[in-house]
Amino acid sequence: MTYSRNALELDSIMNIEKEKIPGHVAIIMDGNRRWARQHKLPRVEGHRRGASALEGILERAGDLGVKTLTVYAFSSENRFNRTKKEVNDLMRLIKYFIIKKRKDLFDRGAKLGVIGNVKVFPEDLQLAISKTKNLLKKNERIKLNIALNYGGRPEIVEAFKRIMTQKKDVAEINEELVSKNLDTNGDTDPDLIIRTGGEYRLSNFLVWQACYSELYFSDVLWPDFRPNDFDRAICEFQRRKRRFGK
Ligand code: IPE
Ligand code: IPE
Ligand code: MG
């Protein structure tokens, strides 16, 4: 179901039930370039505003008691299908976020996880990621997973490669083993997946983990997505009846 910006305005925020907060929320942060075009600004400005929108959502998610927030920042397809300039701008922005926001993340009680193939990233960026992860590792309020050069299918292929090298017997292969070998090892599956920007697809995000996630689509472009839009998604989630095949 989709809601326009003003629909459900009244019943957001105040109707959130504290006992029914999704433990893991994942977000496909889409619409940065359309936002930039609408504001007659360069693309990179859309991405910059997108990164700053994330800070407000992380704060709100932490306040509500969400334990894991996984965000899709850069897909494996983006790496090949965007111009060199856009990829470079995104790399710079990711590095800026990982380094300059270290202290903010620390103050927000956030732990950092990264999913996706970052081995292809410049070494200084990989180093910055490890340093930030290390600095935040004892934080417990919320875990922020950032998906960087991430694709759900490559993640599954890598998991199978890892399993093969562990020389498992065919009989030992089960869902738990596959899950354990994914980048999201240790995290619960997302209860709720939000996609902004008015597109209704997963675009290779968490394809294994999303099997019973509730899906919520918002027309709001990501740089405009605010905590009250997040609240609205949580309210809608709380109205859903999850049956898991029952
Ligand atoms: C999402 O916004 C951010 C990335 C994919 C890096 P887009 O860049 O896809 O912006 P739109 O969807 O074209 O507006
Ligand atoms: C998905 O958005 C990836 C991110 C939000 C990082 P895209 O804009 O790349 O997805 P498609 O191309 O519309 O499916
Ligand atoms: Mg897009």
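**Labels and their cut-offs**

Mentor: In helix 4, Glu86, Val87, Asp89, Leu90, Met91, Leu93, Ile94, Phe97 and Ile98 are buried. This is a predicted model, in which local features need pLDDT of at least 70 and side-chain atom pairs count only at pLDDT 80 or more, whereas totals for chains, interfaces and linings use all residues. Residues are numbered from 1 along each chain as its sequence is written, chains are lettered from A and ligands numbered from 1 in the order in which they are written, and side-chain values use heavy atoms, with hydrogens and water left out.

Trainee: Why is phenylalanine 217 called buried?

Mentor: Buried means under 20% relative accessible area, exposed over 50%, and partly exposed in between (1.4 Å probe, protein chains only). Phenylalanine 217 has 17% relative accessibility, so it counts as buried.

Trainee: What makes the pair of tyrosine 200 and phenylalanine 217 edge-to-face?

Mentor: Rings of Phe, Tyr and Trp (its six-membered ring) pair if their centres lie within 6.5 Å; planes under 30 degrees apart count as stacked, over 60 as edge-to-face and the rest as tilted. Here the centres are 5.2 Å apart and the planes stand at 65°, so the pair is edge-to-face. Tyrosine 200 and phenylalanine 217 are 17 residues apart in the chain.

Trainee: Which label does the pair of tyrosine 212 and phenylalanine 244 receive?

Mentor: That pair is tilted, with 5.2 Å centre to centre and 50° between the planes.

Trainee: Why does tyrosine 212 count as partly exposed?

Mentor: Tyrosine 212 has 44% relative accessibility, and therefore counts as partly exposed.

How values were computed. Helix = DSSP H or I, 4+ residues; strand = E, 2+ residues; numbered from the N terminus.
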